[in-house]
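Here is a friendly walk through one structure, topic by topic. Keep the sequence and the 3D view open as you read.

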Amino acid sequence: MGLLVDRAFIDSVTATPAMREMIREALIEALFTRNDRVLPKDIVAVLSREPSVTVKVKSDNEVQKLIRVANGQESTLTLGLPAEDYHYVRRQLGVGKDRDIGVYVRPRVVTTHPWIVPPQGGIEVDVRDLSSIEIDPKGNRALVGVGATWKALYDEAARAGRIVPFFPLVPLDYGMGDALVGDAVLHSYASPFRRYLYGVRSFASHGQRTRLGFEEVPNHGTGYDALGILQNSMSEFVVPVAMSVALIPRARVVKNWVYEFPDAAKLGVGLGKLPASGRSLLYANVYDGAAWALLHPGAPATPFILELGLAGAPTVVAAREKALDTVLAGFTGKSADTPSPYDPEARVYTRTADRVGRLLVPGYVTAPATSLADVVAKIREVGEASTANTVLFGAVRRTGTVSLAPGFDSPKEPAKTCAISRRVWAKVAAIPGASYLSPLAQLWADDPMYRARMGVLLKLKNEIDSARAIAPTVPR
């Protein structure tokens, strides 16, 4: 599901007489935790629904058929299922349906937590087998199935002598489609992911093939911004099947440098100077000691780590090293021998991702890099209040901002998730220039301009999804 579905549902719930007087934040918490002592039975029933069927698709044509079954253009006979499966699907979907049959794309990995409103019956699409990777002969871009993992694309690009210029903020084993239908944040030091996303192949609610953006050139700067508008809510407008992304040449020398810092304040000073230095980097990752230990079990404990990816000719890389040592003055240790977190074999990368995936990550915090010490202190206050150990993964951008994904060693229970997310949101609100992004925080936001933007997106959805086949907005 997604943001538009949740907001529309919350708005419809607050319009009911029984819920009209309830404070919005309390209502969101009750919906998220499925509090049946507060919510009416019909609302609990909506929140308890599951997909009628889950279908693992292997081709674009199978996705198209599922959408045409959902919108009524075709019958379940066209799916070509064995008799036993056919009768099961037919029975589960219901022939004389009294509500919309929706199509919902299942993310491979969810970093934070699912949206409040689950799929309302209908068809859940498992896209893991849409995993093809095609690199064009010139090596400038790759056409990637949404089910292909980021790590598979990275390894395939390396074999072709190229580099994927964007990296996951949290080192999980994401599918590429998770950046469109999930909550994966892909980043680089130089630019956000949207700069490297050229286009998306998809299917609209009427079963037609659609293409957002372009496949050979960047979308930004063309005046055609539908891709940028829909990127973070893609699964509520269309079903994506493949995406075209940029690749860059692999330099003669690629280094992974590690700088150790005694505290967040000294690291923050260095990060404040880094963008002004004008040095070109692939990535600039930030970790606290607990996060570093998850990536490198058995490594010596260090309070804070800055990990830099550099690429270039040998002489250029050597010159950058000396310059960066000056910019980052205040570090207590340095290593050029630490392996890149992205280069291990796929099975090793997956094992590391499994360890990281046990953490409760409520959302993402973005703040000026110079505010790092304040952000870290406030996040750790949340951990102490929640009786949970804190783990910090982060990345620095050339714009002078740092994005952090705080993880908490806590059970992933709805009540815990909601309480921790609420505390992080309150702490971040007190930091100038900082913001907090999470599914819950986007529902708490209630200023008039934000609501107006959501209204525009809802109108757009009604136009694009007039057949009400792609994650219908309000359950009937």
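β2 and β3 run parallel and are joined by 4 bridges; two strands count as paired if DSSP finds at least two bridges between them. Helices (H or I, at least four residues) and strands (E, at least two) are DSSP runs, numbered from the N terminus. Please bear in mind that this is a predicted model, in which local features need pLDDT of at least 70 and side-chain atom pairs count only at pLDDT 80 or more, while totals for chains, interfaces and linings use all residues. Residues are numbered from 1 along each chain as its sequence is written, and side-chain values use heavy atoms, with hydrogens and water left out.

**The parallel sheet**

- Together, 3 strands make an open sheet in the order β1-β3-β2, with parallel pairing.
- β1 (53–56) and β2 (103–106) are the edge strands, each pairing on one side only.
- On average, neighbouring strands of this sheet are turned by 30 degrees against each other, direction ignored; axes here are lines fitted to C-alpha atoms, for helices over the stretch in contact, and angles run from 0 to 180 degrees between N-to-C directions.
- Helix α4 (residues 60–70) packs on the sheet and touches β1, β2 and β3, its direction making about 145 degrees with that of β2; contact means heavy atoms within 4.5 Å.
- In a regular strand the side chains alternate between the two faces of the sheet.
- In β3, I123 and V125 point one way, E124 and D126 point the other way, and all are buried; buried means under 20% relative accessible area, exposed over 50% and partly exposed in between, with a 1.4 Å probe and protein chains only.
- Helix α4 has V63, Q64, L66, I67, V69 and A70 as its buried residues, and G72, just after this helix, takes a positive phi of about 90 degrees.

**The nonpolar cores**

- Which residues touch the most other members of the largest nonpolar core? They are I116, W150, F166, L306 and L308, in a core of 124 residues.
- A nonpolar core is a set of buried Ala, Val, Leu, Ile, Met, Phe, Trp, Tyr and Cys residues joined through side-chain atoms within 4.5 Å.
- Helix α1 (residues 3–14) provides the largest share of this core, 6 residues.
- This core lies between domain 1 (1–8 + 46–250 + 447–476) and domain 2 (253–437), because both give residues to it; the domain bounds come from an automatic or database domain assignment.
- Leaving aside neighbours within four places in sequence, I116 is in contact with D6, I10, I28, L31, F32, R34, L47, L440 and L443.
- A second, separate core has 21 residues, including V258, V356, Y364 and A405.

- Strand β15 (residues 304–312) has 9 of its 9 residues buried, so it is largely enclosed by the rest of the structure.
- F304, L306, L308, L310 and G312 lie on one side of β15 and I305, E307, G309 and A311 on the other; both faces are covered.
- Strand β13 (residues 253–261) pairs with β15 in the antiparallel sense over 9 bridges, with G312 as the bridge partner of V253.
- Strand β14 (residues 283–288) also pairs with β15 in the antiparallel sense, over 6 bridges, and N285 stands opposite E307.

**Helix α12**

- Y349, T352, A353 and V356 are buried in helix α12 (residues 346–356).
- Seen down the axis of α12, these buried residues fall within an arc of 100 degrees, so they line one face of the helix; the arc is that of the directions from the helix axis to the C-beta atoms.
- They pack against α6 (150–159), β7 (167–168), α10 (289–295) and β18 (390–396).

- R34 is not a glycine, yet has a positive phi of about 55 degrees.
- This residue, R34, lies in the loop between α2 (24–32) and α3 (41–47), and counts as partly exposed at 32% relative accessibility.
- R468, also not a glycine, has a positive phi of about 50 degrees and is placed in the segment after α16 (448–464).
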